[in-house]
Amino acid sequence: MRSIVDFIPAGYELKQVTAGEMAGPCPWCGGRDRFHVWPGKGKGGRYWCRGCGRQGDGIQFLRDVEGMGYRDACRAIGATPATPARSGRPVSKRPAASTGLISFESRMCPEPNAAWCRAAGNFLTFAVAAMDRESEGQAYAASRGLRPETVAALAIGWNPSDLYQPRDVWDLPPAWNERGKPKSVWIASGLVIPSFDAAGRVWALKIRRVPCPEGKDKYSQPAGSGQAPFVLLPGKGKPVVIVESELDAVLVAQEAGSLVAAVALRSAGNKPDAATLAIIKAAPVVLIALDRDETGKKGAAWWLANFTTAFRWMVPSGHKDVGDLAKRPGLVRAWIEAGLRATR
């Protein structure tokens with residue numbers, strides 16, 4: 001039986017690191033030694049990239065690199081095809097459902113009123129102008145992997161310093177703190193990510209705090225902001241990637257919007273509202289890319305229990321979320337492409 005080593009593309013030669021292991025540049029994401037191969041394991045060997053997370057046996061390698069069908073890859077390796085032909089998709093023990101939904105009743109998320117939307121729109125106008133003139137905001141956006149055209153297209157703004165505005169400006173009822181003093185609407189400094197309704201009104205604002213004091217939440221939103229999931233680039237029959245933060249969704253859309261729609265739950269434990277549920281039910285595959293931590297694990301368990309089309313697709317080991325992958329050009333898209341192949 002032949003092994004992966006026999007089919008390594010030119011320019012990606014492997015070097016022996018131990019008696020049974022070889023390493024070299026990854027055919028997908030490059031590097032020098034992140035791509036590891038164990039020629040003697042599995043059908044034609046096993047491979048795994050520490051960078052983009054691609055992995056599989058020799059048969060899967062030929063399907064990925066050469067674009068071969070399952071049976072052709074088996075013949076090239078010298079393996080006997082399984083009967084029936086393997087699809088490569090994980091087998092689910094959950095009952096089949098044409099919509100992918102097993103059991104869940106969605107809810108309607110309250111939306112802010114027209115006055116709140118106007119106040120949010122006025123603030124966003126300020127924040128977008130600040131992004132244009134503030135080099136600090138531009139530098140921070142670039143450091144998080146955002147390209148200028150993405151910032152412009154999504155009207156992502158910058159708030160240079162904390163703001164406090166009267167609640168009546170945002171059409172919110174009076175409220176008092178524990179000392180009996182009137183509360184204000186706090187708008188944190190940092191990167192401003194807006195959500196828009198069908199009429200183009202700003203109905204939600206999320207701010208990635210910069211700077212963020214140690215031990216405090218990294219994300220903030222003005223009182224009264226909408227709570228429905230943040231959705232980018234939905235399309236009929238499009239796979240969906242579920243992430244936690246709006247920034248992660250923006251990066252998914254920026255890097256792989258032609259392949260998938262992006263949905264940010266805003267928190268790992270949140271559930272889809274009616275409008276988002278319709279998008280998810282229509283998707284052939286739902287990649288659950290909640291953070292690689294215990295909270296993300298618990299949140300993913302709900303999706304796997306309720307949607308037959310859901311598959312857990314964490315970012316590669318050594319990373320926590322999509323934002324970590326954005327530090328390496330091309331890695332976000334390569335990771336999503338690998339996830340879509342893994343579910344075929």
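User: What counts as a contact, and what share of the protein's contacts between residues at least 6 apart in sequence join residues at least 24 apart?

Analyst: A contact means that heavy atoms lie within 4.5 Å. The model considered here is predicted. Among its contacts between residues at least 6 apart in sequence, the share that joins residues at least 24 apart is 56%.

User: Is Asn159 buried or exposed, and why?

Analyst: Asn159 belongs to strand 6, which covers residues 157-159. A residue is called buried if its relative accessible area is under 20%. Because the relative accessibility of Asn159 is 0%, this residue counts as buried.

User: Which residues have a backbone oxygen that the side chain of Asn159 reaches?

Analyst: A polar contact requires N or O atoms within 3.5 Å of each other. A polar atom of the Asn159 side chain lies 3.1 Å from the backbone oxygen of Ser161. The Asn159 side chain also reaches a backbone oxygen at 3.3 Å, that of Ile187. The residues are therefore Ser161 and Ile187.

User: How many of the six residues of strand 2 are buried?

Analyst: In the protein, 49% of the 344 residues count as buried. Strand 2, residues 21-26, is mostly covered. Of its six residues, the number buried is six.

Technical notes. Residues numbered from 1 in each chain as written. Predicted model: local features only at pLDDT ≥ 70, side-chain atom pairs only at ≥ 80, totals over all residues. Heavy atoms only, no water. Helix = DSSP H or I, 4+ residues; strand = E, 2+ residues; numbered from the N terminus. Buried < 20%, exposed > 50% of the residue type's maximum accessible area, 1.4 Å probe, protein only. Polar contact = N/O pair within 3.5 Å; in protein donor to acceptor, adjacent residues only side chain to side chain.
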